[in-house]
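User: Could you walk me through reading helix packing in a model like this one? I would like the general idea first and then the case at hand.

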Amino acid sequence: MNPTNDQIRLVKQTWKSIRNVSDYTLGDVFYSRLFSENPELENAFSPDMENNYTQLREILGMAVNRFDRPEELKLAIELVVVGQNHNIRPADYHKIAQALLWTFQQKLGNYYWTQQIHNAWAMCISVVTSHELLRLNHVPGHEQERIRTDLCETCG
C-alpha cells in the first residue's frame with residue numbers, strides 16, 4: 001500500500017504546525033503517553049530523554065520530508081537508526097504508532113484532527129515502520145505487509 005498524493009500533502013501540511021512545537025514538549029507528550037500506556041517499553045529506550053526528544057523530531061522530519069520519495073526514505077531510515085540501541089520488538093511498533101498518532105492529535109487539536117489527517121499520518125508511520133522492520137530483518141517480506149496493514153487499518 002502506497003501513500004496517496006492527498007496523504008502526502010496532508011502530512012506535509014500538518015507537519016508545519018507540529019514542527020513548531022519544541023523538541024522537549026513534543027517528546028515529553030509522546031514518551032509520557034507511550035510509557036503510561038506501555039510501561040514495559042521504558043527500558044527499550046535510552047534513559048537520556050533529551051536525546052530521545054531530539055531523535056524523535058529528526059526521525060519525524062526525515063520521514064515527512066521524504067514521504068513522497070520511498071527510496072530516499074528507506075536510505076534515510078538506515079542512516080538515522082544505525083547505531084541506536086533501542087530494544088524495540090516488532091510487536092511494539094503498533095504501540096509506538098498509536099502514541100505518535102495520539103500526540104499529533106493533541107498538538108493539532110480535535111477540531112483540526114480529522115479522519116483524513118489521522119489516515120495520512122498512520123500511512124506515514126506505517127511506511128517508516130515497515131522499512132525499519134525489513135532493515136532489521138525482524139519480519140519476512142510477506143509478514144511485513146501484514147504488519148503495515150495492521151498499523152494503517154484505515155489508511156486506504
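**Reading the helix packing**

Analyst: Happy to! In this predicted model, the axes of helix H2 (residues 23–37) and helix H5 (residues 92–108) come within 9 Å and cross at roughly 135°. The general idea is that two packed helices are described by the angle between their axes and the distance between the axes.

User: What orientation do H2 and H5 have to each other, and what is the hand of their crossing?

Analyst: An angle over 145 degrees would count as roughly antiparallel; at roughly 135°, H2 and H5 are therefore oblique to each other. Their crossing is right-handed.

User: Which residues of H2 and H5 meet?

Analyst: On the H2 side they are Thr25, Leu26, Val29, Phe30, Arg33 and Leu34, and on the H5 side Lys95, Ile96, Ala99, Leu100, Trp102, Thr103 and Lys107. Sorted by class, this contact of H2 with H5 has eight nonpolar, two polar and three charged residues.

User: How do H2 and H3 pack?

Analyst: The angle between H2 and H3 is about 100°, and their axes are 9 Å apart. Angles of 65 to 115 degrees count as roughly perpendicular, which makes H2 roughly perpendicular to H3. From H2, the contact takes in Asp23, Tyr24, Leu26, Gly27, Asp28, Phe30, Tyr31 and Phe35; from H3, it takes in Met49, Asn52, Tyr53, Thr54, Leu56, Arg57 and Leu60. By class, the contact of H2 with H3 divides into nine nonpolar, three polar and three charged residues. Leu26 and Phe30 are worth a click: they are listed among the H2 residues that meet H5 and among the H2 residues that meet H3.

User: And H1 with H3: at what angle do they pack, and how far apart are their axes?

Analyst: Helix H1 (residues 5–18) and helix H3 (residues 49–65) pack at about 150°, with the axes 10 Å apart. That angle makes H1 roughly antiparallel to H3. H1 passes H3 in a left-handed crossing. Val11, Lys12, Trp15 and Ile18 of H1 make the contact with Arg57, Leu60, Gly61, Val64 and Asn65 of H3. The residues of this contact of H1 with H3 are five nonpolar, two polar and two charged.

User: Now for single residues. Where is Arg19 found, and is Arg19 buried, partly exposed or exposed?

Analyst: Arg19 sits in the loop between H1 and H2. Its relative accessibility is 44%, so Arg19 counts as partly exposed. Arg19 and Gly61 are 42 residues apart in sequence, and their C-alpha atoms are 8.0 Å apart in space.

User: Let me try Ser126. Is Ser126 buried or exposed, and what does its side chain reach?

Analyst: Ser126 lies in helix H6 (residues 115–135). Because its relative accessibility is 0%, Ser126 counts as buried. The Ser126 side chain reaches the backbone oxygen of Met123 at 2.8 Å.

User: To zoom out, how many helices and strands are in the chain, and what share of residues is buried?

Analyst: The chain has seven helices and zero strands, giving the pattern α-α-α-α-α-α-α along the sequence. Of the 156 residues, 44% are buried. Among contacts with a separation of 6 or more, 76% are between residues 24 or more positions apart.

How values were computed
Residues are numbered from 1 along each chain as its sequence is written. This is a predicted model: local features need pLDDT of at least 70, side-chain atom pairs count only at pLDDT 80 or more; totals for chains, interfaces and linings use all residues. Side-chain values use heavy atoms; hydrogens and water are left out. Axes are lines fitted to C-alpha atoms, for helices over the stretch in contact, and angles run from 0 to 180 degrees between N-to-C directions. Helices (H or I, at least four residues) and strands (E, at least two) are DSSP runs, numbered from the N terminus. Angles under 35 degrees count as roughly parallel, over 145 as roughly antiparallel, 65 to 115 as roughly perpendicular and the rest as oblique. A crossing is left-handed if the near helix is turned anticlockwise from the far one by less than a right angle, and right-handed if clockwise. Contact means heavy atoms within 4.5 Å. Ala, Val, Leu, Ile, Met, Phe, Trp, Tyr, Cys and Pro count as nonpolar, Asp, Glu, Lys and Arg as charged, and the others, Gly among them, as polar. Buried means under 20% relative accessible area, exposed over 50%, partly exposed in between (1.4 Å probe, protein chains only). A polar contact is a pair of N or O atoms within 3.5 Å; within protein, one must be able to donate a hydrogen and the other to accept it, and residues adjacent in sequence count only if both atoms are side-chain atoms.
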